[in-house]
Amino acid sequence: MGKVTGFLEIDRHTPKYQPASDRIRHFKEFTIPLEDGEVAKQAARCMDCGIPFCHGPTGCPVNNQIPDWNDLVYNGDWDSAIRNLHSTNNFPEITGRICPAPCEEACTLNLEDIPVAIKTVEQAIADKAYENGYVAPQPPVHKTGRKVAVIGSGPAGLAGAQQLGRAGHEVHVFERESALGGLMRYGIPDFKMEKHYIDARVKQMEGEGVSFHVNVNIGVDKTVAELDAEFDAVLYCGGSEKPREAGIPTNELAGIHPAMNYLVQQNKRVAHESISSVAWNSDPILASGKHVVVVGGGDTASDCVGTAFRQGAVRVTQLDIRPQPPEKEDKLAVWPYWATKMRTSSSQAEGAQREFQVATLEFVGENGQLTHVKCCEVDESRKPVAGTEFFIRADLAFIAIGFSGPLEAGVLAELGDGLKIDVDRRGGTSVHADDRDYKTTIDKFFAAGDARRGQSLVVWAIREGRQAARSIDEFLMGSTTLPR
């Protein structure tokens with residue numbers, strides 16, 4: 001729990017950023033890490049709160065034992081801290097960078113708006129692990145003789161593969177793209193997370209016996225039937241990649257793109273890869289010298305904002321159909337759950353113009369090229385308010401309103417009606433499998449991550465990959481020692 005009186009004596013501190021004027025000139029991470037002594041002080045603020053809401057159903061999806069590793073960091077035992085953290089989370093260096101930290105929302109000290117800097121401490125532990133050589137292969141002592149195929153190398157696929165490999169199974173991961181990581185690699189900009197962390201984990205997993213196959217689109221290059229014949233179990237972690245339909249008239253104008261086309265393309269540029277892709281193929285999209293409009297209010301929209309600024313956009317406007325949230329939430333009404341309140345991302349803080357309670361009515365242009373976005377104010381029911389129409393200049397527009405399910409081509413097309421698909425209240429689809437055994441309606445075929453639960457957070461995908469691995473191990477061996 002850290003120091004008993006630490007929360008009374010030590011103020012909350014989190015890492016600072018490079019100035020916006022500097023960081024928008026590059027695509028590298030720009031957070032300035034705290035020194036070890038300051039990290040220990042922040043860990044010392046973890047109080048003896050009785051019930052640690054930071055983990056469990058209200059806080060951390062992977063059930064990180066946060067008070068335990070806070071205490072270990074406070075006492076300088078970084079070795080034990082990373083072993084504790086790794087016991088619940090395969091990739092803490094990733095979640096320590098890109099998780100929105102529901103654990104901090106659930107922290108008891110958040111009742112006073114001064115939660116423990118949990119995410120900061122988590123990243124520091126993970127980075128210290130790399131620095132001290134604690135991230136090393138952990139090959140299984142015994143092999144089971146069973147083979148498992150994993151479709152997709154996003155956070156769910158990699159977490160599941162690592163757990164299964166350590167259980168002694170022969171694991172093969174199949175990835176459609178030319179490099180591993182799924183949307184961790186291609187959807188998240190490098191300024192939020194540099195990709196050498198993924199490379200390091202892949203190297204670790206290879207040392208544990210996991211085999212990786214890139215440029216293999218299952219259902220196209222290799223059939224699911226072939227996997228079924230070759231492997232004892234298949235884990236499908238194909239993600240949720242189909243853009244949600246916006247229903248906005250585009251008038252077939254150039255300059256309007258799904259957000260992920262834009263982000264994937266830029267991530268490929270940074271990695272010196274070809275910008276062509278099986279799923280995201282597009283002509284070059286660049287924001288330099290342009291007026292940009294981003295439709296949507298979530299993390300993907302924010303990533304488009306930061307990317308556009310780094311490419312040299314003249315102006316970036318973000319449109320959110322939701323009303324502007326309050327600056328401060330009613331703690332007694334919402335704590336320890338995630339609160340709706342005004343949040344400004346680092347990308348938005350770089351100069352974005354944000355419009356709330358605004359609907360996008362139409363894209364307009366001249367000679368086939370986008371020039372403006374027609375908008376209007378909406379009421380509480382998100383219905384347009386007559387007489388409030390206005391236009392925003394735009395040379396580029398990105399649609400970032402989420403995803404409606406896995407791509408239908410490939411795996412889903414081959415399996416057809418044999419694989420039951422669920423439909424949510426917004427019309428989104430996902431593979432039918434519960435969160436206990438992760439079994440689908442096809443024998444030996446399991447599903448986890450966004451393909452099963454719908455679009456969600458990386459930390460939820462890691463949880464599902466781990467839990468699915470436990471279920472598969474039990475399915476293959478009759479019992480399991482893998483953690484849930």
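Just after helix α18, Gly-478 adopts a positive phi of about 90°; helices (H or I, at least four residues) and strands (E, at least two) are DSSP runs numbered from the N terminus. The model is predicted, with pLDDT of at least 70 required for local features and 80 or more for side-chain atom pairs, while totals for chains, interfaces and linings use all residues. Residues are numbered from 1 along each chain as its sequence is written, and side-chain values rest on heavy atoms, leaving out hydrogens and water.

Buried denotes under 20% relative accessible area, exposed over 50%, and partly exposed in between (1.4 Å probe, protein chains only).

A positive phi, near 80°, is also found at Gly-76, which follows helix α4. Within α4 (residues 66–74), Ile-66, Pro-67, Trp-69, Asn-70 and Val-73 are buried. The elements covering these buried residues include α3 (36–44), α5 (78–86), α7 (102–106) and α8 (118–131).

Strand β6 (residues 233–236) is covered on both faces, with Ala-233 and Leu-235 buried on one side and Val-234 and Tyr-236 on the other. Strand β6 pairs in the parallel sense with β3 (residues 147–151) over 4 bridges, pairing requiring at least two DSSP bridges between two strands. Strand β17 (residues 445–447) also runs parallel to β6, joined by 3 bridges. Tyr-236 is the bridge partner of Ile-151, and its partner in β17 is Ala-447.

Methods:
Contact means heavy atoms within 4.5 Å.
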